[in-house]
Amino acid sequence: MKFRILSILPWLFLLVNGHSQQKEYRLWYDKPAKDWNEALPLGNGRLGAMVFGRVDTELIQLNEQTLWTGGPVDLNPNPQASQFLQPVRDALFSDSIGDAVQFLRKMQGPDTEMYQPLGDLLITQPLNGPITGYSRDLNISRAIATTKFTSNGTAFTREIFISAPDQVIVIRMRASKKGALTFSIDARHELEFKREVTSTSELVLKGKARITNDERRNPKPIVFVDEANCDGMRFQYRIKTSMTDGVISNSDTSIHIANATEAIIIVSAATSFNGFDRCPVKDGENEESIAKRYLNAAVKKTYGLLLTSHTNDYRKYFDRLEFSITDQPAPDMPTDQRLADYKTGKTDPSLEEMYFQFGRYLLISCSRPGGQPANLQGIWNHQVRPPWRSNYTTNINLQMNYWLAQSCHLSEMETPLIDHIRRLAKNGTSTAINYYKMRGWAVHHNSDIWAQTNPVGNGTGDPKWANWSLGSPWLSQHLYERYRFTADRKYLANVAYPLMKAAAEFCLDWLVPHNGVLVTAPSTSPENVYLHPNGFKGTVTIASAMDMEIIWDLFTNVIEAASVLKIDKEFAMLLKEKRQQLNPLKIGKKGNLVEWYGDWDDEDPLHRHVSHAFGLHPGRQISPLIDERYANAIRKTLEMRGDGGTGWSKAWKINFWARLLDGDHAYKMYQELLKTSTLNNLFDTHPPFQIDGNFGATAGIAEMLVQSHLDEIQLLAALPAEWQNGHVKGMKARGNFEIEMHWADGRLTSAIITSVAGTNCVLRTDRKIFVTGVVTKTRETLLAGHPQFITSFPTSPGRKYKIQAL
C-alpha cells in the first residue's frame, strides 16, 4: 500500500526546536445547571454521570451503559416477510410506489429496545448564610468535575471523577473549616425500586428494567416481569463513605455525615446483562456481586491513589493529540457566556479548540474496550422514554460517532463498535435468510444492545427509514478503515475480512439487473421524500445514489483487502465485474448529483440528510482529486441543501466541505454548529441532545487539517483563512503515520511524520521538497493545471521523517 502526502498550500520548512505542551481545557460556569442540558458529563466508558453543581441539593444523574429494556431478539419475528420482497420489486419497477410502501410495511418487525437511566444520587447540604464565590467546572484535560462555593465564611469544594481502572464514581467533599461539613446522601429512580442502608452503612438502590419498550408519544403499560423469566435486566448501585473525619449515621433510606472536614464517597453499579444473546434474568450476571466487588476494592484505596490511577489512565489517551490555533489564553469568563458571545460573531479560537477536544473527551468517556458502543446519547440519558430510544441508528448516526476514532488517535475507543458489528453480523445472518432468503448479513435502520437487525416499524413505520437495508456494507467500512489506519494484517485477516466478505455476499444477492445495470430494489435515500414527475410524493425507489455509493465502497474495500491478504482472487474478480455494472452516478439538470433513480426534486430542498454525498464522505469515490465533474456536482448539491439542518447534519457538512478542499466553507459550517446547534454544556443538539454532532464535528476538524482517504496524506488540506497560525501533534493518517505540523500565515512551516508500520510513503506537494536522511525519487505532474511534485521513499517502523520545502 502506498501513501502520499499532499499539501494544498504553498509552504516552507521551519525546524521547530523543543516540544509543545498540551493545554488545559476547562468548561466552567458561575451558576448551577438549571436543567439536564446544562449539567456536566463524566464517564469511564461503562458508568456515566451528569453533574448539576447545585449547592444545597446536588443532583448527580447516573447511567450504566448496559441498562436497556427487553432481552435477546427474536431472530425471525415476521416469518411471512420474505414473500413480499418480489411484490415490492414488481411494484417499484411499474412505478406503483404506494403499493410498494404497503408491501414493505408487511415486511417490518418490532422496534428496538430503549437505553435506560440508572437513577439519581442526591446530596443535601444544609447551609447558613448567602452563597458567594460560586463556580463549577469540567476539566476535560483531567476528566474531573469540581463545584466550589462559600457560605458563612466557609469554602466548600466537591470533586467528582469516574475511574476506568477502578470502575467506580469517586466524590470528594471538603470544607475549609474543621467540622463545617454536614450533608445527607439519598438515591432515587423514576421507575419502581427498592432502597436500603445495609449494616455496613452502604446505601443500595435496586431495580429492574421493563421487559418491553414504547415511546413518549405512545406510552404503554409498564411491565417488569415476563412468563419466560428472561427479559428486563436487574440493576443496582451502591454508595458508601470510604473516609471521613465526621460522624456517620443513617436512616432506613439515606446516609448522614455530620461535623466533617472531608468525606470521600464511592459509588459502584452493575446490571445483570450477560451478553446480547442471553436472558438477563435467568441467565444474567450477579449484579450485586459485581457492584460489591468494585466497591469493596475501591474503599480500601486512598483518594490520592484513586485519583492518580484515574488521571494516568485518562491522560494516556487524551494527551496523544494537541491542537492549537491561538497562543492567547482563553477568555476569563464562563463557558455559556463565551458561547453566547460567539453566537453574536465574536471570535474565540480557544472555544473552537476546546470543542474539538471535547469530542475526544466524550469518546474516551463513553466508549472503552470491552464495553458497548456509544449510542445516540453516548452513555448519558436521564429519561425512561428517551428520544429515538437512545438506540443505535445505523443510517448515519452510529457511524458518525466513530469517524474521529482513528484520525484523532483514539483507535482503542472504536473497539466496542467493531465488537458490536460482529454481534450484528451474527443476528444479521438470520435476518438476511429469514427476510430475504439471501446470503451474508443484513442490518436495517435501528439496533440496540441486543444487536437487533430486522426492519423496524411494527407494520406502521414509514419505509423511508424503517426498511433501509444497507447497514451491513456501511458498517463494514469501519472494519476496513481500521485496517487502513493501523496496517494490522492479522486483524484484517481474522476479524475484518470475513465480515466484509459476508456483507458483500448480501449485496450481491440484494442487487438485481434492470435495464442493463445492477440496481437495489427497494431503495431509499434515508428519511427523504422525492416529488415524482407523475405528481405523487415518493419515499421508496430503486438504485438511490447512496445505495450505489455504499456498495461501490464495500466492493472496493473487499477487492483491496483480498489483494492485501492474497486470497479470494475469483471472488475479487466477481466484485470487480459487478462493481462495473452498478447503476452509474448521474449529474442532474441543475448541475447537482442526482439523489434518486430519476432526476427528481425533493419535497424538502433543505433536508437534513445529504445521503447521496456518501461517495465524497465518508466514502472515497468522489473527490476534486479524482474527477472535478462529480466533485462540482456534490458542491452544487450542498449549495442547494443549504447550511442549515440539525446539529449532526451541520457536522456532516463540515466533513463534506473539507473533502471538497474548501476550508472556509467547512469553517463556516463549524461556526454554524457552535452558534445554532450547541447547548451550554457544549453538547450537540438535534434538538434534543444527540452526541453524534459532537463526534462528527471533531472528525470534520481533523479532515480540515489532515486527509488520507485517497492514499495521500494531505497536510492542511482545507485550512480556513481564520486559522492562520497553529500546530497539531498526534493526528493519525492511513498507513499508520503520525503527524506533527506547524503553520504560520496560512503556510506550513514544519512537519514531522512518524512511520509506525514502516509502509512505503509517497509525498505529494505543490513544490519540490527535501526529506532529511533518506534517498527519494521525485517526479513532476499537474493537478488542476498547477505543478505538483511526487516524492517517494521507503520508511522504517518507528522512524521520524522531517520534510523541508526547497
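Keep in mind that the model is predicted.

| Space | Volume | Lining by class |
|---|---|---|
| Largest cavity | about 270 Å³ | eight nonpolar, eight polar, seven charged residues |
| Second largest cavity | about 60 Å³ | five nonpolar, four polar, two charged residues |
| Largest pocket | about 610 Å³ | eight nonpolar, ten polar, eight charged residues |

If you want to find the largest cavity on screen, go to Trp403, Glu481, Phe485, Glu703 and Arg734: of the 23 residues that line the largest cavity, these are the closest to its centre. Helix H11 (471-486) is among the elements that give two or more residues to this lining, and H11 provides the largest share of it, five residues. The other elements with two or more lining residues are helices H8 (403-407), H16 (647-659) and H18 (692-705), along with strands E26 (706-707) and E28 (726-733).

As for the largest pocket, 26 residues line it, and Glu215, Arg217, Pro387, Trp388 and His445 sit closest to its centre.

On to the packed parts. In soluble globular proteins, nonpolar side chains tend to be buried together. Here, the largest nonpolar core has 228 residues, and the members touching the most other members are Tyr361, Leu705, Ile739 and Met741. Helix H12 (residues 489-510) gives this core its largest share, 14 residues.

Leu705 deserves a click. Leaving aside residues up to four places away in sequence, Leu705 touches Phe323, Gln714, Leu715, Leu716, Ala717, Leu719, Val728, Met731, Met741 and Trp743. There is also a second, separate core of twelve residues, including Phe161, Ile266, Val299 and Leu307.

**Two buried strands**

Strand E6 (residues 119-124) is largely enclosed by the rest of the structure, because five of its six residues are buried. E6 has partners in both E5 and E11. Strand E5 (residues 57-64) runs antiparallel to E6 and is joined to it by six bridges; Gln61 has Asp120 in E6 as its bridge partner. Strand E11 (residues 181-188) is also antiparallel to E6, with five bridges between them, and Leu121 stands opposite Ala187 there.

Strand E9 (residues 154-163) is mostly covered too, with nine of its ten residues buried. Seven bridges tie E9 to strand E8 (residues 144-151) in an antiparallel pair, where Thr150 stands opposite Ala155. The hairpin of E8 and E9 has two residues between the strands, and Asn152 takes a positive phi near 55°.

What joins E9 to strand E10 (residues 168-175)? Eight bridges do, and the two strands run antiparallel. Ile162 stands opposite Ile169 in E10. This hairpin has four residues between its strands, with Gln167 in the turn at a positive phi of about 55°.

Technical notes:
Residues are numbered from 1 along each chain as its sequence is written. This is a predicted model: local features need pLDDT of at least 70, side-chain atom pairs count only at pLDDT 80 or more; totals for chains, interfaces and linings use all residues. Side-chain values use heavy atoms; hydrogens and water are left out. Buried means under 20% relative accessible area, exposed over 50%, partly exposed in between (1.4 Å probe, protein chains only). Two strands pair if DSSP finds at least two bridges between them. On a 1 Å grid over the protein atoms alone, a cavity is a set of points where a 1.4 Å probe fits but cannot get out, and a pocket is an open set with protein on both sides within 12 Å along at least five of seven lines; lining residues have an atom within 4 Å of a point. Grid points are joined across faces, edges and corners, and a volume is the space filled by probe spheres set on the points. Ala, Val, Leu, Ile, Met, Phe, Trp, Tyr, Cys and Pro count as nonpolar, Asp, Glu, Lys and Arg as charged, and the others, Gly among them, as polar. A nonpolar core is a set of buried Ala, Val, Leu, Ile, Met, Phe, Trp, Tyr and Cys residues joined through side-chain atoms within 4.5 Å. Contact means heavy atoms within 4.5 Å.
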